[in-house]
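Here are my notes for you to read alongside the model. Keep the viewer open and find each spot as we go.

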Amino acid sequence: LAMKIFLLIGHILSACIQCLVIPFLPYSLRSKLIQTWSKRLLKIFEIRLIVHGNHQLLSDQQSALIVSNHISWIDIHVINTISPVIFVAKSDVANWPIFGWIAKRIGTIFIVREKVSDIKRVLSLMGQLLGSHKKVCIFPEGTSTDGRSVLKFKSNLFQVAVNTNTRVIPICITYKEQGRYSDITAFIGEMGLIDSIKKMLNSSDMEVHVHILESLSDIDSRQELSDRAHQLIQSSVAANVAINT
């Protein structure tokens, strides 16, 4: 455990140093650094990544709105390990010590969901990114869960896919420990970030399974897009939790 803590502290310090220059780097190089850093983070936590489905959907050069269920703060690094993307996160993440600053430096878009004006601002930013062949990821549940089910999706950010005629790629994330479903990474309730990190450092033999599901396109209703993505992710979660409990 002591070695894990030592490696993690060193890794976070290296991220802080890299983040001083990351905003000034070309997007491709910035993405590569983020991907390498995320891979190393999963290794420190001893989390094995297993990707199911069409990996090419996430790693091609086309724009896409990626939609995922949300269990933990580490979901972001799991996705970035597969293919670096730009995330939309709740505004309070920006205030997290160290991690909030890192999130700002790597280009995370922060949203105040309760403000209609802020949703419009974020939709505009997302549209610009998608228009320049970037991939943007959202967690439409609006909060994290224990991973056993998927909360109802908030459909407002799906509007950007309709506006820009961009495909939506739903993905399902599930965590296992010693081959069985686990909520060890779940970042829920009043849990603090440090508590979550401690809990995960004390674990071992963890796996994260990412299922890349059917790509959605040519749907001109944000609610229909949201419902269809939710249905696909919920079905995948149900199947994976049932198998592994």
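1. Helices (H or I, at least four residues) and strands (E, at least two) are DSSP runs, numbered from the N terminus. With that in hand, look for Pro-170: you'll find it in strand S6 (residues 168-177). This is a predicted model, where local features need pLDDT of at least 70 and side-chain atom pairs count only at pLDDT 80 or more, while totals for chains, interfaces and linings use all residues. Residues are numbered from 1 along each chain as its sequence is written, and side-chain values use heavy atoms, leaving out hydrogens and water.

2. Is Pro-170 buried or exposed? Pro-170 counts as buried because its relative accessibility is 0%; buried means under 20% relative accessible area, exposed over 50%, partly exposed in between (1.4 Å probe, protein chains only). Leaving aside residues up to four places away in sequence, its contacts (heavy atoms within 4.5 Å) include Val-67, His-211, Leu-213 and Ile-233. Ile-22 sits 148 residues from Pro-170 along the chain, and their C-alpha atoms are 28 Å apart.

3. Compare Arg-148, in the loop between strand S5 (135-138) and helix H7 (159-164). Arg-148 is partly exposed because its relative accessibility is 44%. From Arg-148 to Lys-39 it's 109 residues in sequence and 25 Å in space, C-alpha to C-alpha.

4. Now the nonpolar cores (sets of buried Ala, Val, Leu, Ile, Met, Phe, Trp, Tyr and Cys residues joined through side-chain atoms within 4.5 Å). The largest one has 41 residues, and Phe-45, Trp-73 and Ile-74 have the most contacts inside it. A second, separate core has 32 residues, among them Val-122 and Leu-232.

5. How many cavities of 30 Å³ or more turn up in a search of the whole structure? The search finds one. On a 1 Å grid over the protein atoms alone, a cavity is a set of points where a 1.4 Å probe fits but cannot get out; lining residues have an atom within 4 Å of a point.

6. Who lines the largest cavity? Among others, Gln-18, Trp-37, His-77 and Asn-80 do. Helix H1 (2-19), helix H2 (27-44) and helix H4 (75-82) each give two or more residues to that lining. As for H4, seven of its eight residues are buried, including His-77 and Asn-80.

Notes
1 Å grid on protein atoms, 1.4 Å probe; cavity = no way out; pocket = protein on both sides within 12 Å on 5 of 7 lines; lining within 4 Å. Points joined across faces, edges and corners; volume = space filled by probe spheres on them.
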